[in-house]
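Biologist: I'm new to this one. Can you walk me through it?
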Amino acid sequence: MNNLATSILNTFKKKFTTQPNVYFSPGRINLIGEHIDYNDGYVMPAAISKGIYYAVAANNTDTLNFYAADFDESLSIAITDVKKLDNWKNYVLSVVNEFVLAGKPIGGFDCVFGGDIPRGSGMSSSAAVEGGLAFALNDIFNFGMNRVELALLCQRAEHNYPGVNCGIMDMYASINGKKDHVILLDCKNITHEYFPLKLDGYKIVLLNTRVSHTLASGEYNVRRKRCEEGMEVLKKELNVQSFREIKSAADVELHKDKMKPEVYNCCKFVVEEIARTQKGAAFLQQNNLAAFGEIMYAGHEGLSKLYDVSCPQSDFLVAFAKASGNVIGARQMGGGFGGCTINIIKDEAINELIAAATAAYQKEFDIELEAYVMEISDGVGRVER
Ligand code: GLA
């Protein structure tokens with residue numbers, strides 16, 4: 001067990017007398033395919049070595065006892081009292097609520113959790129919190145649900161108490177990740193294939209703008225609504241059922257005058273991003289990193305200009321990366337409005353690039369940049385002791 005797992009286990013032993021299992025639930029990166037998981041697209045995420053650790057044990061009572069180590073806060077609540085509260089409590093209680101709604105006989109349990117995903121960074125700490133608890137409860141109470149069922153349960157949980165109408169990508173990646181592989185996830189059929197991520201001579205580095213995005217701020221749900229509104233028009237005009245059936249953005253443009261400008265822009269982005277992800281998957285499998293990198297930069301352009309989910313800080317970091325000559329591809333990652341940019345950087349240039357970006361970013365925004373070199377990990381699972 002690593003230090004974090006050990007510390008969560010030791011905290012559990014101080015707080016409770018039951019015998020826990022320990023679990024690791026990873027965060028995720030996304031190589032390409034942003035905001036199309038809820039638009040029937042394909043996305044290309046991977047689970048990472050940063051995540052949330054859980055220690056959980058059944059306690060043979062009707063009470064759920066939580067201790068959130070990162071907040072130094074506790075909550076004890078009867079199963080029958082589970083309801084929407086606030087902050088971290090909503091993520092764990094919403095998962096419990098979904099098991100109850102699914103008719104699963106949840107019993108009381110003791111639970112300590114905490115981790116190392118910077119919050120609001122676009123690495124999906126919320127999906128890691130939800131997926132870790134869902135996996136642990138499924139394991140402890142022997143519900144026999146498979147990983148896809150657990151991901152769908154977590155997605156419903158995120159829609160319910162936290163109120164974010166997210167797609168399936170984050171929880172799916174956190175639950176189904178595979179070490180050193182990316183997941184090509186078909187978000188319409190909820191199926192996936194893995195392929196090895198070979199980045200000979202390059203690494204994935206996240207640059208954290210430290211501008212905290214909050215999906216719950218409502219902008220995420222607004223984007224989703226725009227896409228739904230546009231799809232209503234396109235269904236009639238193009239005789240399609242889904243964005244993935246639209247051949248090219250030119251077909252969307254034919255009906256531009258029937259949509260509000262912001263709705264048109266979102267639809268155009270979605271059709272282009274679906275195409276980018278399909279092309280990107282082929283490029284990665286052919287080890288054509290240069291072509292893949294171009295697609296990342298183009299994706300950022302779309303996120304910024306069309307989908308309107310970027311911010312000056314993300315735009316700055318992507319432009320800085322592009323101008324450096326050592327970053328083969330970069331873009332803002334995740335829900336947007338800040339968080340991290342994802343960069344594919346030449347090994348030998350990483351330290352220099354981080355130092356230069358840190359200095360320039362400090363000068364421009366007076367914010368201290370954080371950088372993380374990524375390791376791709378397995379999805380949620382028990383940590384052997
Ligand atoms: C958030 C959501 C995901 C996905 C991304 C954008 O991370 O939780 O479902 O929509 O934003 O790609």
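This is a predicted model: local features need pLDDT of at least 70, side-chain atom pairs count only at pLDDT 80 or more; totals for chains, interfaces and linings use all residues.

Biologist: Which residues surround the ligand?

Modeller: Among them are Arg-28, His-35, Asp-37, Tyr-38, Cys-166 and Met-169. Gly-334 and Gly-335 are also part of that surrounding set.

Biologist: And by class, what does the shell have?

Modeller: Four nonpolar, four polar and four charged residues.

Biologist: How far is an oxygen atom of the ligand from an N or O atom in the side chain of Glu-34?

Modeller: That distance is 2.7 Å. For Asp-170, a polar side-chain atom lies 2.6 Å from a ligand oxygen. With Tyr-220, a side-chain N or O atom is 2.5 Å from an oxygen of the ligand.

Biologist: How much of the ligand does the protein bury?

Modeller: The protein buries 97% of the 310 Å² that the ligand exposes when taken alone.

Biologist: New topic. How many aromatic pairs are there?

Modeller: The count is 15. Take Phe-24 and Tyr-53: their ring centres are 4.8 Å apart and their planes are at 40°, so this pair is tilted.

Biologist: Where do Phe-24 and Tyr-53 lie?

Modeller: Phe-24 is in strand 1 (residues 21-30), and Tyr-53 is in strand 3 (residues 45-58), so the pair ties together parts 29 residues apart in sequence.

Methods:
Residues are numbered from 1 along each chain as its sequence is written. Side-chain values use heavy atoms; hydrogens and water are left out. A residue is near a molecule or strand if one of its heavy atoms lies within 4 Å of it. A polar contact is a pair of N or O atoms within 3.5 Å; within protein, one must be able to donate a hydrogen and the other to accept it, and residues adjacent in sequence count only if both atoms are side-chain atoms. Accessible areas come from the Shrake-Rupley method with a 1.4 Å probe; for residues, only the protein chains shown count as cover. Ala, Val, Leu, Ile, Met, Phe, Trp, Tyr, Cys and Pro count as nonpolar, Asp, Glu, Lys and Arg as charged, and the others, Gly among them, as polar. Rings of Phe, Tyr and Trp (its six-membered ring) pair if their centres lie within 6.5 Å; planes under 30 degrees apart count as stacked, over 60 as edge-to-face and the rest as tilted. Helices (H or I, at least four residues) and strands (E, at least two) are DSSP runs, numbered from the N terminus.
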